[in-house]
Amino acid sequence: MLPSQDSCEDQPAPGCQEPGCEYPLLPAGGDLVHRIHGLCFLEFWGWPLARQASCQCDQLLPRDSSAVEELQAGLAKPPRSEAASVSQRQETRGDRREVPSRKEGDSQGTRHKDMEPGLWSRANMLVRRVWTAVSKALFAEFLATGLYVFFGVGSVLHWPSALPSVLHIAITFNLATAMAVQVTWKTSGAHANPAVTLAFLIASHISLPRAMAYIAAQLAGATVGAALLYGVTPGDVRGTLGINVVQNSTSAGQAVAVELVLTLQLVLCVFASTDSRHTLGSPAAMIGTSVALGHLIGIYFTGCSMNPARSFGPAVIIGKFTVHWIFWVGPLTGAVLASLIYNFILFPDTKTLAQRLAILMGTTEVEKVAEVEPEKKDSQSSSGDMEVSV
């Protein structure tokens, strides 16, 4: 492993420091060679790219791309003979005498032209990688939410030959949730629920742009899933396509409170079953159980939403949005409360305000922050052990 620039005092040297050596340490193309603790480093885009075993004149860093790739792979070329080194130095000096010196502006212009294709290709590659990762995650959210709505809402339909029971609906939503989570949790986190996405945003687990894209994909998936269910269901069975409504004599305030509590327990279970500090297994079974628990109670009050996308899809297809706001206000409020309880009271993390803002704006990834936290804990524990031993 190469020492980082922060841990070493690297100072650019205009030439090799070996006595009697006149070989320059500035290869063509603008890449700098630094001396760090007596070793020669090739700096590429501000980071050491390759290291030589020693600062010998016959082991200077090569300039061709194949050699750089070889150094990246950790392979070192054998040192050349002294005679070859002397002849190369003589040829280099001869070339310097024959080639006229260029103006500083011309050399900088040439370097700029040489670097432009590399910069463009790297930017192009970065954009493609980001788009591939984001598009996979968005499709996963679209797919998970669509399947969840299709199977879950399908269990609510009133077939003349077999009317659905509360237990039947709860088990179906349980299995649909477990299936959707198991299929997509490693790709996108398997939110499949705008309330869960909002909770993860409050907890600084995802950025604001990603959260907005997730919610758009979830709503689109829920609409497509409801439309598919509507299309394959006979007309006399469709009814209202299982839209959420306030049942019996339940008031709007009571309905909001019920949805708040149901979503609160769901989001708490999602956090607990996906927290890498406590578990590494699949969260599908536990999240599915939480959804089933909510339906066993919530069906009698609101038909049990706990998921704004689940309510949104059928409402769009049927075109009925009566008291639809309840199934946004209740679940989203419960998700925010659950996120605050879990991440700031039960199991608080060590993210600083600057790190949370960086994650919110998408300027840094959660994985990078997560890698720093264990190092801080290890250093704190080692310092504590030292104090105890003293």
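Biologist: Leaving aside neighbours within four places in sequence, what is Thr-250 in contact with?
Modeller: Ala-255 and Phe-301, where contact means heavy atoms within 4.5 Å. Keep in mind this is a predicted model: local features need pLDDT of at least 70, side-chain atom pairs count only at pLDDT 80 or more, and totals for chains, interfaces and linings use all residues. Residues are numbered from 1 along each chain as its sequence is written, and side-chain values use heavy atoms, with hydrogens and water left out.

Biologist: Where does Thr-250 lie, and is Thr-250 buried or exposed?
Modeller: Thr-250 sits in the loop between α7 (235–238) and α8 (252–274); helices here are DSSP runs of H or I with at least four residues, numbered from the N terminus. Thr-250 is buried at 15% relative accessible area, since buried means under 20%, exposed over 50% and partly exposed in between, with a 1.4 Å probe and protein chains only.

Biologist: OK, new topic. Which residues touch the most other members of the largest nonpolar core?
Modeller: Val-267 and Phe-271, out of 42 residues in that core. A nonpolar core is a set of buried Ala, Val, Leu, Ile, Met, Phe, Trp, Tyr and Cys residues joined through side-chain atoms within 4.5 Å.

Biologist: Which element gives the largest share of this core?
Modeller: That's α8, with 7 residues.

Biologist: And what does Phe-271 touch, not counting residues up to four places away in sequence?
Modeller: Ala-199, Phe-200, Ala-203, His-205, Ser-339, Tyr-342 and Asn-343.

Biologist: Let's switch to rings. How many aromatic pairs are there?
Modeller: The count is 6. Rings of Phe, Tyr and Trp (its six-membered ring) pair if their centres lie within 6.5 Å; planes under 30 degrees apart count as stacked, over 60 as edge-to-face and the rest as tilted. One of the pairs is Phe-139 with Phe-142, stacked at 6.4 Å centre to centre and 25° between the planes.

Biologist: Where do Phe-139 and Phe-142 lie?
Modeller: Both are in helix α3, 3 residues apart, which is about one turn of the helix. Phe-139 is exposed at 52% relative accessibility, whereas Phe-142 is partly exposed at 29%.

Biologist: Why is the pair of Tyr-342 and Phe-347 tilted?
Modeller: Because their planes are at 45°, with the ring centres 5.0 Å apart. Tyr-342 is buried at 3%, while Phe-347 is partly exposed at 34%. Ring pairs also link these two with Phe-200 and Phe-271 into a cluster.

Key
Helix = DSSP H or I, 4+ residues; strand = E, 2+ residues; numbered from the N terminus.
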